[in-house]
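The entries below follow the order in which I looked things up.

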Amino acid sequence: MFDRADHPDHPVEIFRRVFAELKPRTPVPEVSLEFRQFANANSLIRLEEGRLSVRITDILEAAPSAVLEALAHILLSKLYRRAVYPQFAARYRRYLNRKDVRRKLDFVRQTRGRKLASLPRGIQYDLDELFDDLNFRYFFGLMAKPGLGWSLRPSRRTLGHYDPSHNTIILSKLLDDPAVPQLAVEYVMFHEMLHLRHPVNHAGSRRCIHTPEFKAAERQFLQYTDAKELLKKL
């Protein structure tokens, strides 16, 4: 981006300047910074032997200096366990929510990332059969089937998720158990199927996953209240 490392908008100088702002009484350490071909928008920072080591996704290599400044505030604040100023978090999110950046992120996830999951036929439940049944009952059989699979590890925190980059629905292996009622598994699958019908809404720095339309469609699930109660018990 900049040939001269001492240019004020050079990424290294940006991190040095932000460090001095956040810790004015501490000498600014040496900064080692490089852009890496990560499979997502994550960036990393470490303090090793008095030296700041920064690894930034190459998706941000052409980002404006103001965006890199916001990222510097976010990474350094997290490193020193400080609250991130809202204006920097909002600025960074707005950039990631730009259509061109989202397209680039999707392409990177598709080409560099791998979706790790086990086959859809589990010990107790077959995700292919569940999808086909729900597709017929709620979507007139018109929804194209995405990739389906069980997570490699049982997760209580995330019972299911839809990955648009790989067009795949993954359900937690925790649900593939005879002790888990089928109604609960069907509801989680239905919830993730709705993400195909109602994509994430991006507006400025906001990223709305469950829009009002999504929530209204979710309540069309038969025994909606019963299913939610079953999941609470899990």
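I began with the buried residues of α2, which are Val-67, Leu-68, Glu-69, Ala-70, Leu-71, Ala-72, His-73, Ile-74, Leu-75, Leu-76 and Ser-77; buried means under 20% relative accessible area, exposed over 50%, and partly exposed in between, with a 1.4 Å probe and protein chains only. I note that this is a predicted model, in which local features need pLDDT of at least 70 and side-chain atom pairs count only at pLDDT 80 or more, while totals for chains, interfaces and linings use all residues. Residues are numbered from 1 along each chain as its sequence is written, and side-chain values use heavy atoms, with hydrogens and water left out.

Because 11 of the 15 residues of α2 are buried, I describe this helix as largely enclosed by the rest of the structure. Its buried residues pack against α1 (11–22), β2, β3 and α3 (86–96), where helices (H or I, at least four residues) and strands (E, at least two) are DSSP runs numbered from the N terminus. After α2 comes Arg-81, whose phi is positive, near 55°.

**A loop residue**

I then looked at Glu-49, which lies in the loop between β2 (44–48) and β3 (51–57). Glu-49 has a positive phi of about 55° although it is not a glycine, and at 85% relative accessibility it counts as exposed.

**Helices α6 and α8**

How do α6 and α8 pack, and at what angle? I found an angle of about 105° between helix α6 (residues 182–197) and α8, with their axes 9 Å apart; axes are lines fitted to C-alpha atoms, for helices over the stretch in contact, and angles run from 0 to 180 degrees between N-to-C directions. The two helices α6 and α8 are therefore roughly perpendicular, a term that covers 65 to 115 degrees. On the α6 side I listed Leu-183, Ala-184, Tyr-187 and Val-188, which meet Tyr-224, Asp-226, Ala-227, Lys-228, Leu-230 and Leu-231 in α8, contact meaning heavy atoms within 4.5 Å.

**The open sheet**

Last, I traced an open sheet of 3 strands in the order β4-β6-β5, with mixed pairing; two strands pair if DSSP finds at least two bridges between them. β4 (147–150) and β5 (160–163) stand at the edges with a single partner strand each, so one side of each is left without a neighbour in the sheet. β4 and strand β6 (residues 168–171) run parallel and are joined by 4 bridges, and Leu-148 stands opposite Ile-169 in β6.

Notes: Parallel < 35°, antiparallel > 145°, perpendicular 65-115°, else oblique.
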